[in-house]
Amino acid sequence: MYFATTAISLLSLPAFAIAQLYGPAPGPAGGATSTPATTALATAATAPPDTPGFVNVDVAFQETFTFHPSNFSAPNNTVVTFFFPNAGLMHSVTQSTFEDPCTYLVANSSTGSPAGFDSGLQENVQFSITITDDQTPIWFHCKFPLHCGMGMVGAINAQTSGSNTFSAFQAAAVAIGANEQDQSSGGPVLAGVDATATAAPSNTASVSGSSGSSGSSSSASRVTATAGIVSFVGAALFMVLLA
Ligand SMILES: *[C@@H]1O[C@H](CO)[C@@H](O)[C@H](O)[C@H]1NC(C)=O
Ligand SMILES: *[C@@H]1O[C@H](CO)[C@@H](O)[C@H](O)[C@H]1NC(C)=O
Ligand SMILES: *[C@@H]1O[C@H](CO)[C@@H](O)[C@H](O)[C@H]1NC(C)=O
Ligand SMILES: [Cu+2]
């Protein structure tokens, strides 16, 4: 109950408050809630800058329940790579539809539509999709319990005005809130509608699209990320002591 209430109010909190609430997994799913934070933090990865033909997205950007960027355009053949952190909490990149933001897009044999892409629940990996039709919006969410209902969703090539915007999609996810269906198992699924995943998530040192010079800056950002998370863990412990 506490978490559900928190979830609804998260969107109206300032970023630092969200960071303090971004803690261990709320439920037993994943089974890794006892992973020592200090071990997990050592290899946290952040998305390098985009290069032509490649878009890099942070999953759980700065320890918030968001993708960053969460709403962007990408022409045909763009490779979009999602960078999952290793911070003791799993996430996914799971295709859905505008109509059902927090529900995996299953294959439809009567229309011949393939299943949506799905990274499965992951941490400390990278997962890429390739845009195959830039004329149709691509909608996705994180399927870890409660995350979608907290607004952890994204859109690629969404309309910029009218009814089917990214804002409307995210609002629909938040309206579902804690009532989303449990779908934490399954994946990875190498498929997709208007974008296709071609390889399983993996923790590789180099990713297509990241430039050769990103190595040093990425270790610098790791240090920053570690310092930030250490302070948020400290703040969380403080809050526990107060409670
Ligand atoms: C989404 O991104 C597009 C650019 O791709 C932008 O034009 C639009 O205003 C954004 N919409 C929202 C709701 O942020
Ligand atoms: C498949 O598509 C048909 C026609 O659009 C629709 O009526 C049906 O509900 C879909 N089935 C599933 C499982 O989504
Ligand atoms: C991208 O590919 C789709 C599917 O083949 C096609 O319909 C669309 O016109 C292409 N977009 C551009 C800008 O050519
Ligand atoms: Cu998530």
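Which side chain has an N or O atom 2.3 Å from an oxygen atom of ligand 2? It is the side chain of Asn108, a polar contact in the sense of a pair of N or O atoms within 3.5 Å. The residues around ligand 2, with a heavy atom within 4 Å, are Asn108, Ser110 and Thr111. Taken alone, ligand 2 exposes 360 Å², of which the protein buries 29%; these areas follow the Shrake-Rupley method with a 1.4 Å probe.

The model is predicted, so that local features need pLDDT of at least 70 and side-chain atom pairs pLDDT 80 or more, while totals for chains, interfaces and linings use all residues. Residues are numbered from 1 along each chain as written, chains are lettered from A and ligands numbered from 1 in the order written, and side-chain values use heavy atoms, without hydrogens and water.

An open sheet of 5 strands runs in the order E2-E1-E4-E6-E9 with mixed pairing. Strands are DSSP runs of at least two residues, numbered from the N terminus, and two of them pair if DSSP finds at least two bridges between them. Strand E2 (67–68) and E9 are the edge strands, each pairing on one side only. E1 and E4 pair in the parallel sense over 5 bridges, and Asp58 has Phe83 in E4 as its bridge partner.

The largest nonpolar core has 30 residues. Such a core joins buried (under 20% relative accessible area, 1.4 Å probe, protein chains only) Ala, Val, Leu, Ile, Met, Phe, Trp, Tyr and Cys residues through side-chain atoms within 4.5 Å. Phe67, Val80, Phe82, Val93, Phe117, Ile129 and Ile156 touch the most other members. Elements giving two or more residues to this core include strands E1 (54–59), E4 (79–83) and E6 (126–131). Another core, of 10 residues, lies apart from it and has Phe98, Cys102, Trp139 and Ala158 among its members.

Conventions. Buried < 20%, exposed > 50% of the residue type's maximum accessible area, 1.4 Å probe, protein only. Helix = DSSP H or I, 4+ residues; strand = E, 2+ residues; numbered from the N terminus. Polar contact = N/O pair within 3.5 Å; in protein donor to acceptor, adjacent residues only side chain to side chain.
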